[in-house]
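Thanks for coming. I will take a few minutes on one structure, so please look at it first.

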Amino acid sequence: MKDENCIFCKIANGEIPSTTLYEDEMFRVILDLGPASRGHALILPKEHFKDVCELDEKTAAKVLPLGAKIGAAMKKSLGCTGFNLVQNNGTSAGQTVFHFHMHIIPRYENGPAMVDWTPGKAEPEELAATAQLIQEGLQTRK
């Protein structure tokens with residue numbers, strides 16, 4: 001189903017012009033207008049899902065292989081040496097458009113890494129307590 005007020009629904013379904021790299025019956029892949037690097041693309045499902053938690057299994061099963069296909073093409077054609085597949089869920093995670101989408105961000109030799117992440121430290125007791133909370137959440141998930 002499409003959301004009439006969603007800009008990504010409109011782009012994915014061809015109502016708003018975009019620089020399209022790939023299209024099939026389920027997805028449109030476009031270049032990002034605010035790229036993190038040359039070739040930064042977005043995979044947009046044509047059906048509306050707010051985030052990964054709403055994504056149906058059929059779409060979920062196809063999005064990762066499509067990301068790999070586009071990323072491999074980027075390595076071959078753009079000369080990037082790697083790529084990130086990024087998918088944000090919720091405002092606190094950086095999601096700004098509430099239509100599921102996956103970023104494919106080419107990375108180049110001597111270029112910036114995706115994030116500056118300094119690994120923290122967790123004690124075994126903290127890990128066990130956190131795992132228990134998540135496991136309980138899995139049991140009550142609808």
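**Val 29 and its surroundings**

Let me start at one residue. Leaving aside residues up to four places away in sequence, Val 29 touches Thr 19, Thr 20, Leu 21, Tyr 22, Ala 41, Leu 42, Ile 43, Leu 66, Ile 70 and Ile 104; contact means heavy atoms within 4.5 Å.

A word on sources. This is a predicted model, where local features need pLDDT of at least 70 and side-chain atom pairs count only at pLDDT 80 or more, while totals for chains, interfaces and linings use all residues. Residues are numbered from 1 along each chain as its sequence is written, and side-chain values use heavy atoms, with hydrogens and water left out.

Now the core. Val 29 and Ile 43 touch the most other members of the largest nonpolar core, which has 15 residues. Such a core is a set of buried Ala, Val, Leu, Ile, Met, Phe, Trp, Tyr and Cys residues joined through side-chain atoms within 4.5 Å; buried means under 20% relative accessible area, with a 1.4 Å probe and protein chains only. β2, β3, α2 and β5 each give two or more residues to this core, and α2 gives the most, with 4. Helices (H or I, at least four residues) and strands (E, at least two) are DSSP runs, numbered from the N terminus. Apart from this core lies another, of 9 residues, including Phe 8 and Val 97.

Finally, the sheet. Its 5 strands form an open, antiparallel sheet in the order β1-β2-β3-β5-β4; strands pair if DSSP finds at least two bridges between them. The edge strands are β1 (20–23) and β4 (82–86). Between β2 (residues 27–31) and β3 (residues 41–45) there are 5 bridges, and Ile 30 has Leu 42 in β3 as its bridge partner.

Terms used:
Buried < 20%, exposed > 50% of the residue type's maximum accessible area, 1.4 Å probe, protein only.
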